[in-house]
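I opened this notebook to record what I looked up about two ligands and the space around them. The entries follow the order in which I went through the questions.

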Amino acid sequence: MLEKLTKWRKSFPIQETKKIDEVNIPKHIAIIMDGNGRWAKQKGLPRIAGHREGMKVINKVVRRANELGVEILTLYAFSTENWKRPKTEVDYLMKLPERFLSVELPKLMEENVKVRLMGSIENLPEHTRNAVNKAVKETANNSGLILNFALNYGSRFEIVEAMKRISEQIEQGTLTANEVDENLLTAHLMTSELRDPDLLIRTSGEIRLSNFMLWQIAYSEFWFTDVLWPDFSELHLDEAITVYQKRARRYGGV
Ligand code: IPE
Ligand code: IPE
Ligand code: MG
């Protein structure tokens, strides 16, 4: 029996669920879900098989985050640079929101999750846009976890767009250059009503941001793991949170 248990434990990439301090839960967690393609390659499967598997992880992570009292979960699903991929892969990725929501939307409703989007949604194919907009509409009155999907999102584009709108106001004379400050720029970003991420997670061993929330993560804690996104589970989320809880956030102070 003990031998069996030890074997079972060893099959997990992390040893065991660490104790989470329930009073110090990161309120906003942002995740760069990376490594789907490599996961598939390792198994001799086409890249899209990795995306399909990766989609299944989302539900587990959302449920666990909600259970722990995380207020906002931002998931990087498609970047403004991901259009460079082969058309067949992009087409598949654009079908995933519909697939995901057709199964998960009732569960998200049950769990009181509120779906939100950031990115250039207007430039997505109509079928993708319809699926995500429907989810936003149907969950609009939910008061639990905010599930913020970054879809066709790029941080530099976001900042440039914000600057354009601010410049227009200056041109029209409704704003002076002197009034431009950090709060004003923050208010013009796609995250205007969200607090900044406390914890940023990236899977698959890549140690870079790939144009994700450059402004908002100025003081976030980073946690990187070699685990590929399709292999990510609630246990890894717990692990990330326990590591976060050991960090001393100083914000430049002492
Ligand atoms: C992340 O996995 C999913 C998206 C970027 C849409 P990748 O597709 O980037 O997987 P790798 O990095 O090639 O393994
Ligand atoms: C970042 O991953 C984008 C998403 C996870 C949606 P990429 O796989 O596109 O990033 P790079 O190309 O490795 O920097
Ligand atoms: Mg990648």
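I began with ligand 1, where an oxygen atom is 2.8 Å from an N or O atom in the side chain of aspartate 34; I count as a polar contact a pair of N or O atoms within 3.5 Å. Arginine 38 has a side-chain N or O atom 2.7 Å from an oxygen atom of ligand 1, and for arginine 47 I noted 2.8 Å between a side-chain N or O atom and an oxygen atom of the ligand. The protein buries 86% of the 380 Å² that ligand 1 exposes when taken alone, with areas from the Shrake-Rupley method and a 1.4 Å probe.

On provenance, I noted that this is a predicted model, in which local features need pLDDT of at least 70 and side-chain atom pairs count only at pLDDT 80 or more, while totals for chains, interfaces and linings use all residues. Residues are numbered from 1 along each chain as its sequence is written, chains are lettered from A and ligands numbered from 1 in the order in which they are written, and side-chain values use heavy atoms, with hydrogens and water left out.

I then listed the surroundings of ligand 1 (residues with a heavy atom within 4 Å), and found among them Met33, Gly35, Asn36, His51 and Leu93. The largest share of this shell, 3 residues, comes from helix H2, which spans residues 36–42; helices here are DSSP runs of at least four residues, and strands of at least two.

Next I turned to ligand 2, and asked which residues are around it. They include Ile32, Tyr76, Phe78 and Ser210, as well as Asp34, Arg202 and Arg208. An oxygen atom of ligand 2 is 3.2 Å from a side-chain N or O atom of aspartate 34, while the corresponding distance is 3.3 Å for arginine 202 and 2.8 Å for arginine 208. The protein covers 77% of the 390 Å² of accessible area that ligand 2 has on its own. Strand E2 (residues 72–79) gives the largest share of the shell around ligand 2, with 3 residues.

Last, I asked where ligand 1 sits. I found ligand 1 in the largest pocket, and the space taken by ligand 2 is the largest pocket too. A pocket is an open set of points on a 1 Å grid over the protein atoms alone, where a 1.4 Å probe fits, with protein on both sides within 12 Å along at least five of seven lines, and its lining residues have an atom within 4 Å of a point; a molecule sits in it if more than half of its atoms lie within 2 Å of its grid points. The volume is about 780 Å³, and H4 gives the most to the lining, with 6 residues.

Key
A polar contact is a pair of N or O atoms within 3.5 Å; within protein, one must be able to donate a hydrogen and the other to accept it, and residues adjacent in sequence count only if both atoms are side-chain atoms. Grid points are joined across faces, edges and corners, and a volume is the space filled by probe spheres set on the points.
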